[in-house]
4 protein chains.
Amino acid sequence: MPTVNELLATGPRATPFDIMRSAYAELIVTDLAASEHFYVELLGFVVSDRTEDALYLRGWEERTHHSLVLRVGERPAAGCVAFRVRSERDLALLEEDFQRRGSPTRWLEGGSLGMGRALRVWDPFGFPLEFFCEMSQFETQLQRFDLHRGAPIMRLDHFNLHSPQVEEGVAFWLDMGFVCTEYIATDGADERFTGAWLRRKPTVHDVAFTVGRGPRLHHLGFTTADTVGVLRCCDQLAAAGYAHLIERGPGRHGVSNAFFVYLRDPVDGHRIELYACDYYTGDPDHRPIRWSVHDARARSFWGALAPDSWYEESMPVLGPDGEPVEIVDSSVDERTARSEVMA
Amino acid sequence: MPTVNELLATGPRATPFDIMRSAYAELIVTDLAASEHFYVELLGFVVSDRTEDALYLRGWEERTHHSLVLRVGERPAAGCVAFRVRSERDLALLEEDFQRRGSPTRWLEGGSLGMGRALRVWDPFGFPLEFFCEMSQFETQLQRFDLHRGAPIMRLDHFNLHSPQVEEGVAFWLDMGFVCTEYIATDGADERFTGAWLRRKPTVHDVAFTVGRGPRLHHLGFTTADTVGVLRCCDQLAAAGYAHLIERGPGRHGVSNAFFVYLRDPVDGHRIELYACDYYTGDPDHRPIRWSVHDARARSFWGALAPDSWYEESMPVLGPDGEPVEIVDSSVDERTARSEVMA
Amino acid sequence: MPTVNELLATGPRATPFDIMRSAYAELIVTDLAASEHFYVELLGFVVSDRTEDALYLRGWEERTHHSLVLRVGERPAAGCVAFRVRSERDLALLEEDFQRRGSPTRWLEGGSLGMGRALRVWDPFGFPLEFFCEMSQFETQLQRFDLHRGAPIMRLDHFNLHSPQVEEGVAFWLDMGFVCTEYIATDGADERFTGAWLRRKPTVHDVAFTVGRGPRLHHLGFTTADTVGVLRCCDQLAAAGYAHLIERGPGRHGVSNAFFVYLRDPVDGHRIELYACDYYTGDPDHRPIRWSVHDARARSFWGALAPDSWYEESMPVLGPDGEPVEIVDSSVDERTARSEVMA
Amino acid sequence: MPTVNELLATGPRATPFDIMRSAYAELIVTDLAASEHFYVELLGFVVSDRTEDALYLRGWEERTHHSLVLRVGERPAAGCVAFRVRSERDLALLEEDFQRRGSPTRWLEGGSLGMGRALRVWDPFGFPLEFFCEMSQFETQLQRFDLHRGAPIMRLDHFNLHSPQVEEGVAFWLDMGFVCTEYIATDGADERFTGAWLRRKPTVHDVAFTVGRGPRLHHLGFTTADTVGVLRCCDQLAAAGYAHLIERGPGRHGVSNAFFVYLRDPVDGHRIELYACDYYTGDPDHRPIRWSVHDARARSFWGALAPDSWYEESMPVLGPDGEPVEIVDSSVDERTARSEVMA
């Protein structure tokens with residue numbers, strides 16, 4: 001296992017392929033109509049398309065066909081997290097890369113709504129990833145303020161993953177060309193990651209890790225225009241009788257400077273973060289910010305404790321066989337990982 | 001004519017009656033359906049009631065039946081501005097007071113939607129005023145954030161009147177028990193008012209004067225929750241294709257500290273101010289703030305000039321015969337009155 | 001003991017005296033310099049005056065000499081909560097009223113910084129109250145935005161008291177001419193108050209009760225301009241290393257619609273609420289809003305639990321002998337009182 | 001001269017060098033102390049360094065040594081606009097590129113405060129550009145909310161240039177690898193640009209053109225955290241007696257969705273835009289948005305007219321000889337260019 005210092009000293013790999021950004025996630029939901037009520041009526045996602053068993057959603061700023069796919073299944077799960085690459089050539093290079101790693105790879109040829117073909121792979125830890133380079137576009141609705149509802153949700157920002165092997169996970173994503181922008185680590189000689197934030201687009205992250213049992217999807221982060229939008233969403237949810245869906249916040253993270261609120265969807269418990277106040281990270285010599293696990297401000301700049309559920313609950317991910325990937329314990333002791341909230 | 005100093009030295013009269021606050025206005029509109037689109041669909045007023053020829057509206061915080069009545073007529077006009085008094089007894093005392101002044105008075109007995117009987121009078125300058133003490137109530141919708149639209153508009157705050165005789169007007173309202181909280185005046189020995197703000201409820205005003213041809217209604221001021229609501233309303237109007245209805249602002253007034261925007265309704269040109277950031281004025285020894293007419297910050301704290309229309313255009317008011325009251329010129333020279341914007 | 005229904009049916013008494021509003025509080029602090037750092041440097045109160053053993057503070061909107069007095073003493077305590085009355089005559093009438101009740105009364109003659117003489121009394125439950133009608137004034141600093149620091153704090157809004165006898169307390173304040181605007185009560189036949197909000201000025205409250213051991217001062221509520229100011233204050237406190245002073249929030253109360261945060265001063269633990277989004281309550285027939293103690297939204301519209309300290313900790317008040325008044329248990333079971341947070 | 005359609009059909013060139021982003025500007029000021037008062041005391045820039053004749057400033061989010069250099073000179077002017085490139089190799093390739101164009105090039109070797117060596121060139125239209133790849137870094141102050149002043153200003157966002165040859169200018173920047181995200185154009189067969197926005201980092205722009213006499217620097221755009229920060233800056237400037245420095249706004253641009261205000265520095269008239277509400281533009285197939293010059297919403301989404309000064313006044317730029325570059329008229333008729341504001 002690489003050490004934190006080794007990982008950060010090495011930095012990202014110069015890759016032959018160009019992964020551009022986190023692009024969409026597929027969530028398996030058990031009741032599409034009930035999910036539509038939450039994501040569309042309450043949160044205000046824009047409906048791009050629908051089929052008998054799936055709903056294709058996007059934020060108000062997004063022109064690409066979807067950043068969230070809700071697909072009906074028997075049990076709630078995360079189907080995949082998907083990344084946009086620059087060109088078809090990148091897809092071929094990524095296939096090679098994953099085949100060399102011995103990962104399962106699979107092509108989803110055309111026909112997928114609004115997209116060109118996609119490469120579905122499973123990373124060494126069991127997370128289902130997808131890569132694609134073509135997606136159809138809509139006219140922007142950014143300035144249709146008269147139609148905005150909810151926060152409103154502007155665009156997908158990132159995926160947050162619950163992983164028992166954060167060092168190995170970080171090593172993998174650095175190898176994919178990602179850059180570490182912030183991390184939380186234990187103190188002392190045997191420094192271990194308890195959280196790590198990695199980016200391709202020049203924001204704080206496209207992918208983040210929270211140490212814990214996994215592989216599981218912790219949450220999807222969507223950008224709102226400002227802090228006021230986050231508050232408005234809380235007011236609207238509570239007014240409509242859904243205050244119990246507000247799991248944590250609103251508040252500010254030390255890490256990433258995010259003004260956040262975490263919501264749980266009422267049917268399957270998928271976790272959505274509304275997220276504002278990110279910053280620019282694109283400079284090549286941009287150094288990662290280290291937070292001690294004992295600094296409560298990393299997770300909660302204002303000091304409010306996260307509820308247990310936020311640390312413990314997460315969504316299983318689907319394996320190549322369509323069944324949930326087995327969940328394993330974390331190599332970092334759970335108490336250590338949460339010492340940040342007990343300081 | 002009393003001087004500014006005499007007026008302010010005398011202060012408000014101890015009245016036998018208790019006028020509590022500005023309560024509602026009646027606007028004559030020429031196309032009720034088109035007006036409903038603006039006030040309800042675009043601005044987000046709550047519909048309390050409707051008849052064949054009138055629409056009764058209120059803000060989201062208001063429980064009383066209406067703060068705005070739109071009534072169909074042949075020509076746009078202001079029907080009346082109405083004040084709530086504490087009790088029936090106050091109505092009788094006000095009738096006496098106005099009869100003593102030789103003002104036309106008239107009782108509107110019951111039957112009026114959502115109200116007890118009302119006393120309609122015309123003040124010495126021709127403005128149609130109404131007083132009442134009973135109005136039916138709805139449950140508050142303040143916290144139905146999920147239903148809020150537009151700014152949203154919370155409650156009626158004040159009436160602003162275009163008047164050629166501001167000193168006499170101020171004297172009249174002081175005589176009604178109102179308190180002057182702020183004013184704009186010419187400099188030098190022959191000090192004249194060019195604007196005055198008068199209150200009963202402990203905000204900056206229930207009634208204000210802008211010097212100019214009159215009697216005319218300059219605007220109705222409605223409170224929004226915060227500055228962000230004012231901006232959101234502008235965004236929504238523009239997105240829906242109604243940017244041309246934004247006459248002035250958004251910006252901040254020096255007077256009253258208001259964060260404001262002025263809108264003109266698309267059918268008849270009635271002017272609505274959205275208004276935030278008022279302050280408490282209830283102390284008995286609260287001294288009025290004086291602004292020089294040459295201090296541009298009085299009208300525009302940030303310096304942006306108001307368009308000519310804002311100074312020149314206003315709505316005729318209806319007389320006892322149902323016809324528009326004759327409009328006369330201001331005794332203060334128009335150039336003087338506007339020197340504030342040319343500084 | 002009067003029942004909730006009896007109290008609300010009777011309503012406020014028509015008093016011969018006119019208490020206008022909550023005006024200032026005196027807190028006993030053990031380290032004046034350290035307190036000044038918190039209240040002035042971190043929160044941004046304006047210093048009006050200082051003596052060897054006291055600091056006189058006000059908000060940015062306030063013109064009156066002070067709304068908060070910090071006075072040095074051996075142990076932290078609440079010295080008094082003070083109300084402004086309309087005239088000298090009201091003071092004499094209040095003296096009579098309290099003498100008739102058998103309450104200790106005492107005149108603080110002139111000399112007090114920035115004030116005329118004041119009547120200090122102890123109410124039937126041991127709370128030290130003060131009434132006065134004269135206070136010197138400063139120029140407003142409302143629009144000295146360039147000097148604002150912290151939230152900024154605009155003005156004192158209310159006092160919140162921990163009281164074991166809420167029904168009796170409400171009866172007392174109704175007798176003082178106060179109006180009940182909102183309350184939390186147990187369900188069922190034997191309905192009991194667990195919280196009550198009472199006002200003179202037309203906001204939600206000047207005085208509120210939280211049921212519990214008392215008499216104790218729960219907190220002082222100060223108005224900020226908007227929700228954004230509350231968030232900025234949290235950010236500034238945390239950035240300066242004082243996140244641990246944020247006891248609860250930010251969040252929204254169902255009661256009063258307040259967007260709030262509760263802070264504890266770092267030396268003595270006095271609790272300060274920053275408060276925005278109040279509403280107008282001045283109509284004579286304004287009906288109180290009832291919340292069930294089992295409706296968690298009353299205390300926390302978005303559902304976040306208050307920490308134990310917020311329910312349990314409060315400040316002793318000083319009796320006529322200058323010693324803390326004895327604290328007694330609540331007649332409403334503590335578990336009942338908090339059932340709102342366990343729903 | 002290339003047509004608009006030809007330019008947009010061709011798109012950006014695949015360049016051998018990698019210009020990463022707009023990075024800093026040098027302004028020539030005539031009174032350094034007075035400029036410091038405006039930029040540091042009023043706007044809240046962070047001082048990174050100072051020499052006898054220059055001040056090095058940055059925003060609160062920025063870690064790199066400076067994004068604004070104020071350098072003393074005899075007449076106000078723009079010294080250069082500077083871009084960060086990925087590596088030393090890019091600098092060499094850029095030198096070749098500009099030499100091939102016949103442009104003056106010059107190396108500023110080390111010694112420059114906080115920077116590695118820089119390549120200064122003059123583009124075909126006379127604008128002084130600079131390229132560099134190394135700049136020393138500070139710790140981030142993003143979360144030192146307790147120290148923030150002014151808006152606060154977060155980071156440099158873009159340069160806006162007044163140019164008589166917008167088509168040629170756009171062609172040049174596409175050739176540098178920039179992407180056009182939005183533009184304003186005349187209608188009809190002979191379509192001409194009146195404004196164009198071009199980016200490298202995935203925001204709306206790093207460089208924009210406003211058609212008009214040039215070469216001149218129209219303004220520097222700096223990002224603020226949100227709309228509220230822009231309003232706060234206006235309030236603070238006005239409160240401090242500097243309302244006359246607010247040239248235009250606050251308001252919203254249709255182009256770029258910016259919530260903006262334009263300020264003029266009080267000594268030399270340099271124009272600073274505070275800018276919020278940008279959006280993500282990084283997708284390779286992100287299509288530019290076209291606005292008609294007759295659509296007033298392009299420049300002013302809410303309809304308020306820009307003052308003449310905003311269209312006419314701009315800052316001369318310095319040539320290789322240190323003297324102002326000669327200013328020439330626009331090939332697009334001035335009336336056409338401004339028809340957008342007369343619609």
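Me: Where in chain B is B:D157 found?

Reply: B:D157 lies in strand β9 (residues 153-163) of chain B; strands are DSSP runs of E with at least two residues, numbered from the N terminus. This is a predicted model, in which local features need pLDDT of at least 70 and side-chain atom pairs count only at pLDDT 80 or more. Residues are numbered from 1 along each chain as its sequence is written, and chains are lettered from A in the order in which they are written.

Me: Is B:D157 buried or exposed?

Reply: Buried means under 20% relative accessible area, with a 1.4 Å probe and protein chains only. B:D157 is buried, at 1%. Leaving aside neighbours within four places in sequence, its contacts (heavy atoms within 4.5 Å) include B:K201, B:H205 and B:Y275.

Me: How do I read the interface of chain D and chain A?

Reply: The size of an interface is often given as the accessible area lost when the parts come together. Here the loss, taken with a 1.4 Å probe and summed over both parts, is about 2,900 Å², 48% of it on carbon and sulfur atoms. D:R63, D:Q143 and D:Y280 supply 21% of the area that chain D buries against chain A, more than any other three residues.

Me: How many salt bridges are there between chain D and chain A?

Reply: A salt bridge is a side-chain nitrogen of Lys or Arg within 4 Å of a carboxyl oxygen of Asp or Glu. The count between these two chains is six. A:D285 forms a salt bridge with D:R84, with the closest N and O atoms 2.9 Å apart.

Terms used. Side-chain values use heavy atoms; hydrogens and water are left out. Helices (H or I, at least four residues) and strands (E, at least two) are DSSP runs, numbered from the N terminus. Buried means under 20% relative accessible area, exposed over 50%, partly exposed in between (1.4 Å probe, protein chains only). Buried area is the accessible area (1.4 Å probe) that two parts lose on being put together, summed over both.
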